[in-house]
Amino acid sequence: MRGTRPPSMADVAERAGVSHQTVSRVLNGHAYVRPDTRDRVQAAIDALGYRRNQAARALVTARTATIGVLTAGTTHYGPTSTVLAIEAAARAEGYYISVGSLSGAGSARPVFEQLMSQGVDGVVVVAPLDEVAHLMDDVAPAVPVVVVAARPDIPEESPIRYVAVDQVGGAMLATEHLLGLGHERIVHVAGPDGWYDAAQRAEGHRRLLAERGLEPQLVAAGGWSAKRGYDAGMRLAADLRTAGGPTAVFAANDYLAMGLLRAFWERGVRVPEDVSLVGFDDIDGSGFLVPALTTVRQPFAAVGEAAIHALLDHWSEDPSQDAGGLVALIAPELVVRDSTGAPRA
């Protein structure tokens with residue numbers, strides 16, 4: 001009888017009728033284990049309720065199987081969804097995550113150092129802010145670092161790897177959709193300063209309009225919230241009702257678009273009859289707004305997998321051959337719904 005002590009690897013081996021080394025191979029996902037043996041070991045693990053002792057594992061492997069995640073201290077949809085996707089991808093590879101949230105860009109260094117003090121095997125930074133990325137340029141981490149950010153100015157010699165959604169491409173998808181419907185007077189309600197996502201979405205919008213010989217119109221929302229979108233919508237509503245006013249609006253995220261919808265409704269501006277509206281992110285529920293919102297969907301699961309695989313690749317490569325820079329640029333997808341249509345006559 002084991003009494004009240006937790007089951008050990010030896011207990012699993014005894015129950016499954018295999019060696020200690022075979023149990024270890026199964027736990028580590030070794031390819032050279034017969035399927036029937038793997039099934040017996042897994043059945044023993046389940047029956048005994050065995051859980052690997054991570055502290056003991058760390059002593060043997062010099063790894064904690066923990067990945068630090070440094071994230072913006074916000075509940076914004078993009079960063080939050082990215083962290084959840086990273087946790088799922090890490091768990092699938094047998095790793096845990098330890099999250100450190102920023103209370104402001106100035107707190108990035110102490111939070112990063114706190115994660116390092118926990119003995120993490122690597123760090124993923126999900127704080128797409130200019131200040132945080134530039135801070136990472138000045139640190140010399142002892143473990144691999146991956147940053148999730150659409151940063152256009154990555155230093156050439158940086159050992160840090162970057163994973164990003166193609167924010168410029170996503171904005172061009174949204175703008176191209178509106179141009180294809182016949183809109184030429186398009187307003188972009190831009191996200192806040194200091195965020196790569198906001199800057200890159202504005203850049204994609206401007207770039208495509210410039211290629212078509214059209215003048216961009218940008219309205220700074222000053223934030224990501226529905227309230228900011230509402231305020232911008234109240235300012236825009238009068239212009240939308242004029243003969244030569246804008247016929248379409250591209251919002252930098254879906255929350256801004258939600259606020260715009262409310263403001264337009266209050267001012268008697270119909271969507272899409274008077275103005276077409278496109279958002280960005282495809283947040284849960286955007287398809288149930290009235291009208292259902294046309295938007296750009298970010299593939300967060302793919303981002304999480306790419307970030308974890310960038311760390312795994314880092315660990316498997318020759319340390320002397322560390323290569324930083326952009327290692328994954330993931331394409332978003334346009335989701336067309338009811339909030340866009342041909343411009344008013």
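Let's start with aspartate 282, which counts as buried at 12% relative accessibility. Keep in mind that you're looking at a predicted model.

**Two aspartates with positive phi**
- Aspartate 282 isn't a glycine, yet its phi is positive, near 60 degrees.
- You'll find aspartate 282 in the loop between E9 and E10.
- Aspartate 281 sits in the loop between E9 and E10 too, and its phi is also positive, at about 125 degrees, although it is not a glycine.
- Is aspartate 281 buried or exposed? With 5% relative accessibility, aspartate 281 counts as buried, because the cut-off for buried is under 20%.

**Cis peptide bonds**
- Valine 271 and proline 272 are joined by a cis peptide bond, with omega at about 5 degrees.
- Proline 272 belongs to the loop between H11 and strand E9 (276-278).
- Going from valine 290 to proline 291, the peptide bond is cis as well, and omega is near 0 degrees.
- Look for proline 291 in the loop between E9 and strand E10 (295-297).

- In soluble globular proteins, nonpolar side chains tend to be buried together.
- Here the largest nonpolar core has 49 residues, and those touching the most other members include Val125, Val249 and Phe264.
- Helix H11 (residues 254-266) supplies the largest share of this core, with 5 residues.
- There's also a second, separate core of 23 residues, with Ala90, Val148, Trp315 and Ile330 among them.
- Leaving out residues up to four places away in sequence, valine 125 touches several residues, including Leu70, Met136 and Val145.

Notes. Residues are numbered from 1 along each chain as its sequence is written. This is a predicted model: local features need pLDDT of at least 70, side-chain atom pairs count only at pLDDT 80 or more; totals for chains, interfaces and linings use all residues. Side-chain values use heavy atoms; hydrogens and water are left out. A nonpolar core is a set of buried Ala, Val, Leu, Ile, Met, Phe, Trp, Tyr and Cys residues joined through side-chain atoms within 4.5 Å. Buried means under 20% relative accessible area, exposed over 50%, partly exposed in between (1.4 Å probe, protein chains only). Helices (H or I, at least four residues) and strands (E, at least two) are DSSP runs, numbered from the N terminus. Contact means heavy atoms within 4.5 Å.
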